[in-house]
There are 2 protein chains.
Amino acid sequence: MRLFLSQYTNKIDNKGRVSVPADYRISLKTQFFNGIIAFRSFKFKTIEALDYERMQKIADSIDDLDFFSQNKNDLSTAILSDSYKLPFDSEGRINLPQDLLSFAGISRYATFVGRGSTFQIWDPAIFKNYLHKTRKSIKSKNLSLIIKNKQKDDKK
Amino acid sequence: MRLFLSQYTNKIDNKGRVSVPADYRISLKTQFFNGIIAFRSFKFKTIEALDYERMQKIADSIDDLDFFSQNKNDLSTAILSDSYKLPFDSEGRINLPQDLLSFAGISRYATFVGRGSTFQIWDPAIFKNYLHKTRKSIKSKNLSLIIKNKQKDDKK
DNA sequence: TTTGTATTTGGGATTATATGGTATATCATG
DNA sequence: CATGATATACCATATAATCCCAAATACAAA
């Protein structure tokens, strides 16, 4: 089962290529496409990434919406048309389009951040900063308590 | 499996020819026809496009409607009679009819916009504007939630 | 540490794609 | 039928993407 964890920072070479962590690649190879689907995040200054099969499911669920609904049109445009198919080369690298790079503020290095069923691609410095802020925020809200409670819930 | 994603902007040469993105062409080649079906959008200033097999299904489902119903006449007129078969030349280009071009406000460049099971052909500037608006609207509505809920429903 | 293996990175060679042009065929119309 | 307009087939080229091989680095086991 697909599970993206941990962080990996890889270099973007002067052809614009960057290795997708080997650990991630296994989960990304599907019957129809060997690579990733990437699009601009709606919440953060980062690139959201997922596997082809998951994007197919999203496409299907949008398809199921009523043909004339505004939601369907908006979602198709914002997600399907704004996403990129990025196939692996023979060494497991992808070519990040300029559009995505500048959106996420990425230049020479890219940090792959596991989020369980999906992952993100950040500029290392921006991510470090975000992580720092998030930790602070968790501390201040004492979220560790929430996590403990959540774990109790899971055991039920 | 057919999945039209991303955007590709190609030039229309002075013969009116434009390359259909190679990525799309693979999904468009069918047993009976190698090319696309195109018609004027009902909602936007754009050309709607799909593969031959999908258009056949639409035609079939219209055929199933009662012969004398108003719906059938309307749909037949609006979609079937107003749609074009645009075959590929040997390099994968199509010739967009003037009718469609002027309807969509396209002149020198055409942007192919993936929508999952179908795609659209826009004027680059008009599409950029529309995408920008849509993205804003989704951010404010948090529509990503809709997708998640839909997926949950599917699992039931 | 040392050795062996897997992964990332670099760069030249090759291929695919988009685009432009010329030649041929088809069509509509006077 | 002749003519011009339009469409189609074929070939040529620039650019961008991809392959392939090699080197460097990171990682793991002994």
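Student: In what order do the six strands of the open sheet in chain B run?
Tutor: This is a predicted model. In chain B the sheet is open and its pairing is antiparallel. Its six strands are ordered 1-7-8-4-3-5.

Student: Which strands of chain B stand at the edges of that sheet?
Tutor: An edge strand here has a single partner strand, so one side of it is left without a neighbour in the sheet. From one strand to the next, the twist averages 30°. The edge strands of chain B are strand 1 (7–11) and strand 5 (84–87).

Student: Which residue is the bridge partner of B:A38?
Tutor: Strand 3 (residues 35–40) of chain B pairs with strand 4 (residues 47–50) of chain B. The two are antiparallel and share four bridges. In strand 4 of chain B, the partner of B:A38 is B:A49.

Student: What is the bridge partner of A:K11?
Tutor: Strand 1 of chain A runs antiparallel to strand 7 (residues 109–114) of chain A. Five bridges join them. In strand 7 of chain A, the partner of A:K11 is A:Y109.

Student: Are helix 2 and helix 3 of chain A roughly parallel or roughly antiparallel?
Tutor: The axes of helix 2 (residues 52–64) of chain A and helix 3 (residues 70–80) of chain A come within 9 Å. They cross at roughly 160°. Angles over 145 degrees count as roughly antiparallel. That makes helix 2 of chain A and helix 3 of chain A roughly antiparallel.

Student: How many residues of the contact between helix 2 and helix 3 of chain A are nonpolar?
Tutor: Helix 2 of chain A brings A:I58, A:A59 and A:I62. They meet A:K72, A:L75, A:S76, A:I79 and A:L80 of helix 3 of chain A. One residue of this contact is charged, one is polar, and the nonpolar ones number six.

Student: Which element of chain B gives the most to the side that touches chain A?
Tutor: In this contact, 26 residues of chain B meet 23 residues of chain A. Strand 7 (109–114), helix 5 (124–141) and helix 6 (144–155) of chain B each give two or more residues to the chain B side. That side has 10 nonpolar, nine polar and seven charged residues. With seven residues, the element that gives the most is helix 5 of chain B.

Student: Which element gives the most to the surface near DNA strand C?
Tutor: Of the 21 residues around DNA strand C, A:N10, A:K11, A:D13, B:N10 and B:D13 come nearest. Two or more residues come from each of strand 1 (7–11) of chain A, strand 2 (17–19) of chain A and strand 1 of chain B. By class, this surface has six nonpolar, seven polar and eight charged residues. With three residues, the one that gives the most is strand 1 of chain A.

Student: How many residues of the surface near DNA strand D are charged?
Tutor: The residues around DNA strand D include A:K15, A:D89 and A:E91. Among them are also B:K15, B:D89 and B:E91. This surface has one nonpolar and five polar residues, and the charged ones number six.

Key: Residues are numbered from 1 along each chain as its sequence is written. Chains are lettered from A and ligands numbered from 1 in the order in which they are written. This is a predicted model: local features need pLDDT of at least 70, side-chain atom pairs count only at pLDDT 80 or more; totals for chains, interfaces and linings use all residues. Two strands pair if DSSP finds at least two bridges between them. Axes are lines fitted to C-alpha atoms, for helices over the stretch in contact, and angles run from 0 to 180 degrees between N-to-C directions. Angles under 35 degrees count as roughly parallel, over 145 as roughly antiparallel, 65 to 115 as roughly perpendicular and the rest as oblique. Two residues are in contact if their C-beta atoms, placed from the backbone, lie within 7 Å. Ala, Val, Leu, Ile, Met, Phe, Trp, Tyr, Cys and Pro count as nonpolar, Asp, Glu, Lys and Arg as charged, and the others, Gly among them, as polar. A residue is near a molecule or strand if its C-beta atom, placed from the backbone, lies within 6 Å of it.
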